[in-house]
Structures are given as C-alpha cells and as structure tokens.
Amino acid sequence: MIFLQLFLTFLKIGIFTFGGGYAMIALIQDEVVSQHHWLTSQEFTDLVAISQTTPGPIGINTATYSGYTAIVNAGYDHLWGILGAIMASFAVILLPTLLMFVVTKLLQRYINTPAVSYLLQLLRLVVVGLIASAALGLLSTENFGNPGSNFQFLLSIIIFIAAFIASYRFKVSPILLICLSGIIGLVAYSL
C-alpha cells in the first residue's frame with residue numbers, strides 16, 4: 001500500500017510543481033513530513049542537504065532520497081527502499097515530461113499572443129513564491145539551532161549571512177561556499 005501512496009504522492013508533486021527543484025522542496029516536505037509522516041523533520045533536512053551536494057537536479061534527488069527513506073522507515077528491506085527511490089523519481093518526472101511535450105508544441109504556435117505572455121508573467125510570480133516558501137521552510141531549528149543554544153545558532157546565522165553576501169555581492173561560486181561552510185561546521189562542531 002505504501003508503494004502506491006508513494007507513487008501517487010510524487011505524481012501529484014510532479015504535476016503541481018512549477019519553478020524547478022527548489023520550488024518542489026516545500027511540496028515534498030509537506031507531503032512526506034506533515035501529511036504522511038514518512039520522514040521526520042530532521043531526516044528531511046538532512047535529505048535536502050544531501051540532495052544539494054549530490055550531482056543532478058535537487059528536486060529529483062530529493063524525491064529519490066525521500067522514496068528510499070520512506071520505504072526503509074516503513075520497515076522494508078533496503079532493496080525495497082531502492083524500488084521506492086525509483087518509483088518516487090519516476091513519478092515526479094512522468095507527468096511534467098509528458099506535459100512539456102504538449103506545452104512545447106502549443107507554445108511554439110501561440111508564443112506571441114497576449115494571453116500566453118500574461119500567463120508566463122503570472123507563472124514567474126508563482127515560482128518566486130514557491131522558492132521563497134522552500135527557503136522559509138528550511139529556516140528551522142534543525143538547520144539553525146535553537147536560539148537558546150547560543151553557539152550553534154550564532155554560528156549558523158554568521159555562516160548564512162557570510163554565504164549570502166559572498167554569493168550575492170562577490171559572486172563566489174556556490175560549490176566553494178558549500179565546501180567552506182562544511183569545513184567551518186566540521187571544525188566548529190568537532191572542537
């Protein structure tokens with residue numbers, strides 16, 4: 001039963017996500033953590049971190065890891081977890097892929113009409129909202145620590161602000177920022 005629920009859940013996530021993987025994170029979190037309780041909030045936070053550091057689109061990586069973890073957490077063997085990962089990954093890309101074939105054909109024909117231009121402007125706003133929702137969802141105590149635990153919270157805020165400024169103002173590579181943040185965290189928490 002969990003396999004069918006997993007497939008249908010990620011099918012729904014795939015069709016209702018506009019704006020790519022970062023916009024998808026908030027929907028995946030709501031489904032796998034809040035609705036179905038397949039993963040804990042901490043597991044999901046760790047899963048997003050892993051998805052960001054592994055090659056490939058973050059939305060598909062998150063779906064893959066969520067599918068695997070949901071099945072294993074349900075008490076199945078790790079081999080069944082691999083099937084869950086494949087099912088979630090396939091489900092999340094199935095309908096958007098089919099939809100893109102149809103939309104591409106229609107868009108080529110009607111790209112210069114006012115209705116399509118308005119629709120694309122509207123979708124841009126929706127995408128910004130979904131990405132902002134994902135970002136706010138990751139601003140949790142699992143990521144930043146509890147304000148009561150001064151060291152972890154303060155270090156997290158400093159790394160966040162420094163990475164933001166380095167990325168936005170100085171155009172530092174995100175890969176370098178991820179590596180530097182990981183090294184700082186490793187050194188700080190191992191002391």
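This is a predicted model: local features need pLDDT of at least 70, side-chain atom pairs count only at pLDDT 80 or more; totals for chains, interfaces and linings use all residues.
Me: How do helix α1 (residues 2-15) and helix α5 (residues 78-110) pack, and how far apart are their axes?
Reply: Helix α1 and helix α5 pack at an angle of about 30 degrees, and their axes lie 8 Å apart. Axes are lines fitted to C-alpha atoms, for helices over the stretch in contact, and angles between N-to-C directions run from 0 to 180 degrees. Helices here are DSSP runs of H or I with at least four residues, strands are runs of E with at least two, and both are numbered from the N terminus.

Me: Stepping back, how many helices and strands does the chain have?
Reply: There are nine helices and zero strands. The order from the N terminus is accordingly α-α-α-α-α-α-α-α-α. The C-alpha trace spans about 60 × 45 × 25 Å along its principal axes.

Me: What share of the chain is buried?
Reply: Of the 191 residues, 31% are buried. Buried means under 20% relative accessible area, exposed means over 50%, and partly exposed lies in between (1.4 Å probe, protein chains only).

Me: Which residues make the nonpolar surface patch?
Reply: Leu136, Leu139, Phe160, Ile161, Phe164, Ile165, Tyr168 and Phe170 make a patch of about 890 Å². Such patches take residues with over 30% relative accessible area and no salt bridge, joining nonpolar side chains (Val, Leu, Ile, Met, Phe, Trp, Tyr) within 5 Å and like charges within 9 Å.

Me: Which helix gives the most to it?
Reply: Helix α8 (residues 150-168) does, with five residues. Ile161 belongs to helix α8, and Ile161 counts as partly exposed because its relative accessible area is 43%.

Me: Changing topic, how many salt bridges does a search of the whole structure find?
Reply: The search finds one. Lys12 pairs with Glu31, and their closest N and O atoms are 2.8 Å apart. The two residues are 19 positions apart and link distant parts of the chain, with Lys12 in helix α1 and Glu31 in helix α2. A salt bridge requires a side-chain nitrogen of Lys or Arg within 4 Å of a carboxyl oxygen of Asp or Glu.

Me: Is Glu31 buried or exposed?
Reply: Glu31 is buried, because its relative accessible area is 10%. Lys12, at 40%, is partly exposed.

Me: What does Ile28 touch?
Reply: Leaving out residues up to four places away in sequence, Ile28 touches Phe10, Ile13, Val33, Phe44, Gly59, Thr62, Ala63 and Ser66. Ile28 sits in helix α2 and is buried, at 0% relative accessibility.

Me: And Ser51, which helix is that in?
Reply: Ser51 is in helix α3. Its relative accessibility is 1%, so Ser51 counts as buried. Beyond four places in sequence, Ser51 touches Ile58, Asn61, Thr62 and Tyr65.

Me: Last one: what is the phi of His37?
Reply: His37 has a positive phi of about 55 degrees, although it is not a glycine. His37 lies in the loop between α2 (21-35) and α3 (41-53) and is exposed, with a relative accessible area of 60%. Lys171, not a glycine either, has a positive phi of about 55 degrees. Lys171 is in the loop between α8 and α9 (174-190), and Lys171 is exposed at 64% relative accessible area.

Key: Residues are numbered from 1 along each chain as its sequence is written. Side-chain values use heavy atoms; hydrogens and water are left out. Accessible areas come from the Shrake-Rupley method with a 1.4 Å probe; for residues, only the protein chains shown count as cover. Contact means heavy atoms within 4.5 Å.
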